[in-house]
Amino acid sequence: SSGINAEWPLRPGKYYLDSGVLKLEVGCFIAGLEYSSQVQAEICGKPSSAFFNLAAKMLGLSPSDVVMIGDDIDSDVGGAMNAGCQGILVKTGKYREKDAHHPTVKPTLIADNVYHAIDVILSTK
């Protein structure tokens, strides 16, 4: 062991939206630190399956009964679906049209906004 604590209480996202401008998220910095230290970071938040499974457990639900609504195709929707949850992508925030055609993440639903997503969820009960 190198003695380096590589646990990060952050998510490794690519970018985030700030005042209408996309900015680099911590993911690129984590990748650089992993490379230079030769230690793989342990991700404690999205898109880690452990994050979504813990949230489901805290709610007393199985992951298949949980719906994640988010604007990030990878961290929100992809992370949730990899954990066995349903994932709804909303066309707000950092959503980009190319997200609807992601090569591996296929959302349960693509909704115009959170209100639309909630309406669909409630109408299927």
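**A walk through a predicted fold**

Aspartate 18 is partly exposed, with a relative accessible area of 30%. That value falls between the two cut-offs, since buried means under 20% and exposed means over 50%. Keep these limits in mind, as they return below. Keep in mind too that this is a predicted model.

Aspartate 18 has a partner. Lysine 23 forms a salt bridge with aspartate 18, and their closest N and O atoms are 2.9 Å apart. Lysine 23 is also partly exposed, at 34% relative accessible area. Why can such a pair form? Side chains of opposite charge can pair when their charged atoms come close. The count of salt bridges comes to four.

Another of these bridges joins aspartate 76 and lysine 46, with 2.6 Å from N to O. Aspartate 76 sits in helix H3, while lysine 46 sits in the loop between strand E4 (42-43) and helix H2 (49-59), so the pair ties together parts that are 30 residues apart in sequence. Are the two residues buried or exposed? Aspartate 76 has a relative accessibility of 4%, so it counts as buried. Lysine 46 is buried as well, because its value is 18% and the limit for buried is under 20%.

Aspartate 99 and lysine 98 give a further example. Their closest N and O atoms are 3.7 Å apart. Aspartate 99 is buried, at 4% relative accessible area. Lysine 98 is exposed, at 59%.

Now step back to the whole chain. The protein has 125 residues, and 30% of them count as buried. It contains four helices and seven strands. Read from the N terminus, the elements run β-β-β-α-β-α-β-α-β-β-α. How do contacts span the sequence? Take the contacts between residues at least 6 apart in sequence: 42% of these join residues at least 24 apart. The protein exposes about 7,900 Å², and carbon and sulfur atoms supply 58% of that area.

Next, look at one piece of this layout. Strand E5 (residues 67-70), helix H3 (residues 73-82) and strand E6 make a right-handed β-α-β unit. Strands E5 and E6 (residues 86-90) run parallel, and four bridges join them.

Which residues of E5 lie on which face? Met68 and Gly70 make up the covered face. Val67 and Ile69 make up the uncovered one.

Finish at helix H4 (residues 114-123), where isoleucine 118 has its place. Isoleucine 118 is partly exposed, with a relative accessible area of 36%. What does it form with Val114 and Leu122? The three make a nonpolar patch on the surface, with about 260 Å² of accessible area together. Patch residues must have over 30% relative accessible area, so isoleucine 118, at 36%, passes that cut-off.

Tyrosine 115 is in helix H4 too. Tyrosine 115 is exposed, at 67% relative accessible area. How does it sit relative to strand E6? Valine 90 belongs to the span of that strand, residues 86-90. Tyrosine 115 and valine 90 are 25 residues apart along the chain, and their C-alpha atoms are separated by 9.5 Å.

Terms used:
Residues are numbered from 1 along each chain as its sequence is written. This is a predicted model: local features need pLDDT of at least 70, side-chain atom pairs count only at pLDDT 80 or more; totals for chains, interfaces and linings use all residues. Side-chain values use heavy atoms; hydrogens and water are left out. Patches are made of residues with over 30% relative accessible area and no salt bridge: like charges are joined within 9 Å, nonpolar side chains (Val, Leu, Ile, Met, Phe, Trp, Tyr) within 5 Å. Accessible areas come from the Shrake-Rupley method with a 1.4 Å probe; for residues, only the protein chains shown count as cover. A salt bridge is a side-chain nitrogen of Lys or Arg within 4 Å of a carboxyl oxygen of Asp or Glu. Helices (H or I, at least four residues) and strands (E, at least two) are DSSP runs, numbered from the N terminus. Buried means under 20% relative accessible area, exposed over 50%, partly exposed in between (1.4 Å probe, protein chains only). Two strands pair if DSSP finds at least two bridges between them. A crossover is right-handed if, with the strands pointing away from the viewer, the path from the first strand over the helix to the second runs clockwise. Contact means heavy atoms within 4.5 Å.
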